[in-house]
Amino acid sequence: MTWQPSRPSQPSSASGMTGRANQKLRTRRAIVQAAAELSRTGQEVTMAEIAAAALVSEATAYRYFPDLVSLLQEAIAGRLPEPGEALAGVEHSTDPVERVAAATEFLLRHVLARQGVVRAMIAGTVARPERSARPGLRFGLIEHALAPGAEAMDPAALEQLKRGLAVVVSAEALFNLTDLYGLDPEEAIASVVATAASLTRAALRQNR
């Protein structure tokens, strides 16, 4: 009988599939991590830039995420500060005006620091409103800021105040003043903070 050299064992199809699945998972994580890191720079964020940072092609990034907004939603999920953490500096205060002013300034500075991703998310919302899933950081901040005096206010008046603040305490308000009105960021922040405080003060006076 002729001796035949043994052949190296071939990997099973199951282990091959597991290896491919793990590689896909690593690729997806790299893309999401790159998006998260770029979002903190404040610069414009594009799918091409994210792909380059993740060391993959843009086509590969699009195989994992259908559009930029979907990717950014996953990249920032769970990374936003909690309202209590954001307003820790005024947690002792029961003055709604002071608390709303602090919430407004926090949100706007957060937006400025990440304006590239914020602008991309706004653009996606405008283009595809039916798929809008922008993080609602402003709503949690407003709710937390008004919490100490909420029980003393008429429910209808409180709800109207929250709606008014949702318009004012926003990235859109900030960009309106910087992009269209021509204010520098610090002037724009001061203006929006003053408007939010005035709106809150007026609502409280009407509730007395």
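Colleague: What makes Arg138 count as buried?

Modeller: Its relative accessible area is 15%, and buried means under 20%, with exposed over 50% and partly exposed in between (1.4 Å probe, protein chains only). So Arg138, at 15%, falls in the buried class. Bear in mind that this is a predicted model, where local features need pLDDT of at least 70 and side-chain atom pairs count only at pLDDT 80 or more, while totals for chains, interfaces and linings use all residues. Residues are numbered from 1 along each chain as its sequence is written, and side-chain values use heavy atoms, with hydrogens and water left out.

Colleague: Why is the pairing of Arg138 and Glu172 called a salt bridge?

Modeller: Their side chains come to 3.2 Å, N to O. The rule asks for a side-chain nitrogen of Lys or Arg within 4 Å of a carboxyl oxygen of Asp or Glu, so 3.2 Å passes. Arg138 sits in helix α8 (residues 137-146) and Glu172 in helix α10, 34 residues apart, and the pair links distant parts of the chain. Helices here are DSSP runs (H or I, at least four residues; strands are E, at least two), numbered from the N terminus.

Colleague: And which class does Glu172 fall in?

Modeller: Glu172 is partly exposed, at 32%.

Colleague: How many salt bridges does the rule give?

Modeller: The count comes to 7. One of them joins Arg28 and Glu74 at 2.8 Å, N to O. Arg28 is in helix α1 (residues 13-39) and Glu74 in helix α4 (residues 68-76), 46 residues apart. Both ends are partly exposed: Arg28 has 27% and Glu74 has 34%.

Colleague: What links helix α6 to helix α11 through Arg109?

Modeller: Arg109 and Glu186 meet in a salt bridge, again 2.8 Å, N to O. Arg109 is in α6 and Glu186 in α11, 77 residues apart. Arg109 is partly exposed at 35%, and Glu186 is partly exposed at 45%.

Colleague: Why are α7 and α10 called roughly perpendicular?

Modeller: Helix α7 (residues 115-127) and helix α10 (residues 171-180) pack at about 105 degrees, with their axes 11 Å apart. The axes are lines fitted to C-alpha atoms, for helices over the stretch in contact, and angles run from 0 to 180 degrees between N-to-C directions. Under 35 degrees counts as roughly parallel, over 145 as roughly antiparallel, 65 to 115 as roughly perpendicular and the rest as oblique. That makes α7 roughly perpendicular to α10.

Colleague: Which residues in α7 and α10 meet?

Modeller: Gln115, Val118, Arg119 and Ile122 in α7 meet Ala171, Glu172, Phe175, Thr178 and Asp179 in α10, where contact means heavy atoms within 4.5 Å. They divide into 4 nonpolar, 2 polar and 3 charged; Ala, Val, Leu, Ile, Met, Phe, Trp, Tyr, Cys and Pro count as nonpolar, Asp, Glu, Lys and Arg as charged, and the others, Gly among them, as polar.

Colleague: What covers the buried residues of α10?

Modeller: The cover includes α6 (96-113), α7, α9 (155-168) and α11 (185-207). The buried residues are Ala171, Ala173, Leu174, Phe175, Leu177 and Thr178.
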